[in-house]
Amino acid sequence: MSLNCLFRAAALTRHVTIEAATLLSLRNLPYRTQTCGYAKKVAVKGKGKGMVKEELKGPEVCKDPVRLTTYAVGVNIFKQGEDPKLRAVEEYPEWLFQLNFGEIKKLNELEPESWEYWKRLRKESIWRSNRLGKGKKF
């Protein structure tokens, strides 16, 4: 305990003797933040005066009608390989053709006893409470 007090007294006397411009304390040394050693910013190609911007190219669009009617173009997610061939309609499940890709039905268009009605009601109540929390008008 007395050694700790002696160290503090030595640090305080050191503060008094050192000039104000070069005032560094042994006690504050662990609390100093690191001011260097951060990663350098990467130089970006194509920026600056006189440089031509490189335009991004999208995926190739297939316009062949025979290929579009026999293959599921764009479904293959692998780098190698082909797109899968389309099968006969009988080989696909019935629910696939019953999917609704149109506009979402409103709450008053759904039956109150259906699962979709209660799911939609929950979503709309969450949206309403979020808008109320933000203080925005409806």
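One aromatic pair is present in the structure. Tyr117 and Trp118 form this pair, with an edge-to-face arrangement, 5.2 Å centre to centre and 90° between the planes. Rings of Phe, Tyr and Trp (its six-membered ring) pair if their centres lie within 6.5 Å; planes under 30 degrees apart are stacked, over 60 edge-to-face, and the rest tilted. Tyr117 is buried, at 17% relative accessible area. Trp118 is exposed, at 52%. Buried denotes under 20% relative accessible area, exposed over 50%, and partly exposed in between (1.4 Å probe, protein chains only).

The model is predicted: local features need pLDDT of at least 70, side-chain atom pairs count only at pLDDT 80 or more, and totals for chains, interfaces and linings use all residues. Residues are numbered from 1 along each chain as its sequence is written, and side-chain values use heavy atoms, with hydrogens and water left out.

The chain contains three helices and zero strands. Its pattern along the sequence is α-α-α. Helices (H or I, at least four residues) and strands (E, at least two) are DSSP runs, numbered from the N terminus. Of the 138 residues, 7% count as buried. The accessible surface of the chain is about 14600 Å², and carbon and sulfur atoms contribute 58% of that area. Accessible areas come from the Shrake-Rupley method with a 1.4 Å probe; for residues, only the protein chains shown count as cover. Among contacts (heavy atoms within 4.5 Å) between residues at least 6 apart in sequence, 0% join residues at least 24 apart.

Two salt bridges were found. The criterion is a side-chain nitrogen of Lys or Arg within 4 Å of a carboxyl oxygen of Asp or Glu. One joins the side chains of Asp83 and Arg67, at 3.6 Å from N to O. Asp83 lies in the loop between helix H2 (65-70) and helix H3 (115-134) and Arg67 in helix H2, so the pair ties together parts 16 residues apart in sequence. Asp83 is buried, at 13% relative accessible area. Arg67 is partly exposed, at 29%.

Arg67 also lies over the face of Tyr71, 4.5 Å from the ring centre. This assignment requires NZ of Lys or CZ of Arg within 6 Å of the ring centre and within 35 degrees of the ring normal.

Another salt bridge links the side chains of Glu124 and Arg120, at 3.4 Å from N to O. Both residues lie in helix H3, four residues apart, about one turn of the helix. Glu124 is partly exposed, at 26% relative accessible area. Arg120 is buried, at 17%.
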